[in-house]
Amino acid sequence: MKVVVAGKGGAGKTTVAGTLARLLARDGAQVLALDCDANPMLGVSLGAGMERTELLVGVRQGLDAGETAHEPTVEGMMETFGTDAPDGVRLVVASRIDKVDPGCP
Amino acid sequence: MIAGTLARLLARRGRPVLALDSDMLPGLTLSLGARPPDAPPLMDAAERGEDGRWRLKRGVGPVRAVQRYATEAPDGVRLVQAGKVGPDGLPPIMPAIQAYYRVIHRLRRSPAFAAWDIVGDLPAGPRQTAFGWAPYADRFLLVVEPTSQSLLTARRIARIAAQRRPVQITAVANKVRARGDVERIERFLDRPVEVVIPADPAVAAAERRGAALLDHAPDAPSVAAIARLADAVLRE
């Protein structure tokens, strides 16, 4: 199953996505939680904590920094850029905006 | 809701007010109590040059944009909108967005608006702050709720806003239910909260109706708090 959660800011998208991801994981599913918001907060909703969420490195920023070669596979990206969240959910942040003129995210 | 209410309260205090809505959703228009136009007003204000780049049409600058393309809002507020996204996404309204972006970048240097109060409403998150969508502003009202996500977002926006050029950042605590909420915000942001807006059911009720808070519940505690914000802005 692949789902995307969409809606207006403040409507509760991230809360729904994080809670849904954990409940699916508790039911035994392998869950990849993909945070595609340039202001990524899914880690908070998953229960990873504020400061840990703040320290997550986006895939885009990791590649820009030249820290690793481009990961050609989803598995590679999950391994390199992902972090473990509660209930066994694997969390990957696509990109994050931390500075002015960040380029196309 | 805060931007629209603030703009009208400034206008009621006798100030000329220009409201700028760079959100692609019509939140500010509704919170002002204005009617959303059928099509983005700035659609015919921009054109592509021979090099393929967008530019304002000859004769269109901030003054002409406000005269010709602004929407009338209650209390005399003039509203300029970037444009609202329809079912086909951004491409159909790209001329309006390009025109809007260029107009707001000329505002800061426009003598005609030196005495105006300009209230801009940015979409949620740090994206437009990072991309320079508030070039006219010398003060950021950092609206923050006492939630983890809102705190992280506010801290990120404050850092990004200060990278571009010196701006005054005013922390506004919103949806406050307890004294500890304000203390948590101040501790996390390491800056004082200057105005506290209480959690107020009138705000949700106004939003459900698609009405301006100021029209739906003019005596609500949240309106009184935003009035204090207007007074604080004008004091400086």
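In chain B, helix α6 meets helix α7 through B:Leu151, B:Ala154, B:Arg155 and B:Ala158 on the α6(B) side and B:Ile185, B:Phe188 and B:Leu189 on the α7(B) side. Two residues are in contact here if their C-beta atoms, placed from the backbone, lie within 7 Å. Helices are DSSP runs of H or I with at least four residues, strands are runs of E with at least two, and both are numbered from the N terminus.

Before I go on, the source. This is a predicted model, in which local features need pLDDT of at least 70 and side-chain atom pairs count only at pLDDT 80 or more, while totals for chains, interfaces and linings use all residues. Residues are numbered from 1 along each chain as its sequence is written, and chains are lettered from A and ligands numbered from 1 in the order in which they are written.

Back to the helix pair. Helix α6(B) covers residues 148-164 and α7(B) covers residues 179-189; their axes come within 10 Å and cross at roughly 40 degrees. That makes α6(B) oblique to α7(B). Axes are lines fitted to C-alpha atoms, for helices over the stretch in contact, and angles run from 0 to 180 degrees between N-to-C directions. Under 35 degrees counts as roughly parallel, over 145 as roughly antiparallel, 65 to 115 as roughly perpendicular, and the rest as oblique. By class, the contact of α6(B) with α7(B) has 6 nonpolar, no polar and 1 charged residues. For these classes, Ala, Val, Leu, Ile, Met, Phe, Trp, Tyr, Cys and Pro are nonpolar, Asp, Glu, Lys and Arg are charged, and the others, Gly among them, are polar.

A second pair in chain B is α1, residues 2-12, with α10, residues 221-235; these pack at an angle of about 60 degrees, with axes 9 Å apart. Again the result is an oblique pair, α1(B) to α10(B). From α1(B) the contact takes B:Ile2, B:Thr5, B:Leu6, B:Leu9 and B:Leu10, and from α10(B) it takes B:Val223, B:Ile226, B:Ala227, B:Leu229 and B:Ala230. Those residues divide into 9 nonpolar, 1 polar and no charged.

Next, the core. Which residues touch the most other members of the largest nonpolar core? Of its 74 residues, they are B:Leu6, B:Ala7, B:Ala19 and B:Leu142. A nonpolar core is a set of buried Ala, Val, Leu, Ile, Met, Phe, Trp, Tyr and Cys residues joined through C-beta atoms within 7 Å. Another core, of 19 residues, lies apart from it, including A:Val31 and A:Phe81. A residue is buried if 20 or more other C-beta atoms lie within 10 Å of its own, exposed if 12 or fewer, and partly exposed in between.

Now to where the chains meet. The contact takes 17 residues from chain A and 17 residues from chain B. On the chain A side, the largest share, 3 residues, comes from helix α3(A), residues 50-55. By class, that side has 7 nonpolar, 5 polar and 5 charged residues.

B:His216 is in helix α9(B), residues 213-216, and is partly exposed, with 18 C-beta neighbours inside 10 Å. A:Asp87 is not a glycine, yet has a positive phi of about 65 degrees; this residue lies in the loop between β2 (83-84) and β3 (90-93) of chain A. A:Asp101 also is not a glycine and has a positive phi, of about 45 degrees. A:Asp101 counts as exposed, with 11 C-beta neighbours inside 10 Å.
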